[in-house]
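Student: Could we go through this structure together? I would like to begin with the helices and then turn to the side chains.

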Amino acid sequence: WGSMARRPMSAEAAWRVIGDVAKECAPVKASVDFTTGATSTAASKEQTQKVKMYYGTCQELMRHFWLLQPQNTPVKIEKSQRIFDAMDGLYDQLENLKKEA
């Protein structure tokens, strides 16, 4: 992710990010029922709440990202960069949560 910092995200890069996020979230999705919060692992209630929050945040960020396509104005590029920065931070938080588990 670091090599792409401070540049608008191309459609190809966006698809790679979506693929990476999907791979990271697949095990979580299988172990957490987001409608009830029930887990099939030994995750604590706090960890489950964090995962649910990250999941919702990721969905909202991606929704906003796709609304900015195509990135053909400086305003859209700036907003896309802010979304990228937020997703980068979210990824780091998920990695930290995995280490805690």
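Student: How many residues has α3, and what distance does α3 reach from its first C-alpha to its last?
Tutor: This is a predicted model. In it, α3 has 27 residues and reaches 39 Å from its first C-alpha to its last. That is close to the 39 Å expected at 1.5 Å a residue.

Student: Which residues of α3 are buried?
Tutor: They are Ser-80, Gln-81, Ile-83, Phe-84, Met-87, Leu-90 and Leu-97.

Student: And the largest nonpolar core: which of its residues touch the most other members?
Tutor: The core has 14 residues, and those touching the most other members are Val-21, Cys-58, Met-62, Phe-65, Ile-83, Met-87 and Leu-90. At least two residues of this core come from each of α1 (11-31), α2 (45-67) and α3 (74-100).

Student: Which helix gives the most to this core?
Tutor: That is α2, with six residues.

Student: Changing topic, how many aromatic pairs does a search of the whole structure find?
Tutor: The search finds one. Phe-65 and Trp-66 form this pair, with 5.0 Å centre to centre and 75° between the planes. The arrangement is edge-to-face, because planes over 60 degrees apart are classed that way.

Student: Is Phe-65 buried or exposed?
Tutor: Phe-65 counts as buried because its relative accessibility is 3%. Trp-66, at 34% relative accessibility, counts as partly exposed.

Student: Now the charged side chains. How many salt bridges does the structure hold?
Tutor: The structure holds four. One of them joins Lys-50 and Glu-46, with the closest N and O atoms 3.5 Å apart.

Student: Why are Lys-50 and Glu-46 separated by about one helical turn?
Tutor: Because they are four residues apart in helix α2. In general, an α-helix has 3.6 residues a turn, so residues three or four places apart point the same way.

Student: What are the accessibilities of that pair?
Tutor: Lys-50 counts as partly exposed at 25% relative accessibility, whereas Glu-46 counts as exposed at 53%.

Student: What does Arg-63 form a salt bridge with?
Tutor: Its partner is Glu-60, and the closest N and O atoms are 2.7 Å apart. Both residues lie in helix α2, three residues apart, which is about one turn of the helix. Arg-63 is partly exposed, with a relative accessible area of 43%, and Glu-60 also counts as partly exposed, at 36%.

Student: And which residue does Lys-98 form a salt bridge with?
Tutor: Lys-98 pairs with Glu-95, the closest N and O atoms being 3.4 Å apart. These two are three residues apart in helix α3, so about one helical turn separates them. Lys-98 is partly exposed, with a relative accessible area of 48%.

Conventions: Residues numbered from 1 in each chain as written. Predicted model: local features only at pLDDT ≥ 70, side-chain atom pairs only at ≥ 80, totals over all residues. Heavy atoms only, no water. Core = buried A, V, L, I, M, F, W, Y, C linked by side-chain atoms within 4.5 Å. Buried < 20%, exposed > 50% of the residue type's maximum accessible area, 1.4 Å probe, protein only. Phe/Tyr/Trp six-rings, centres within 6.5 Å; stacked < 30°, edge-to-face > 60°. Expected span 1.5 Å × (residues − 1).
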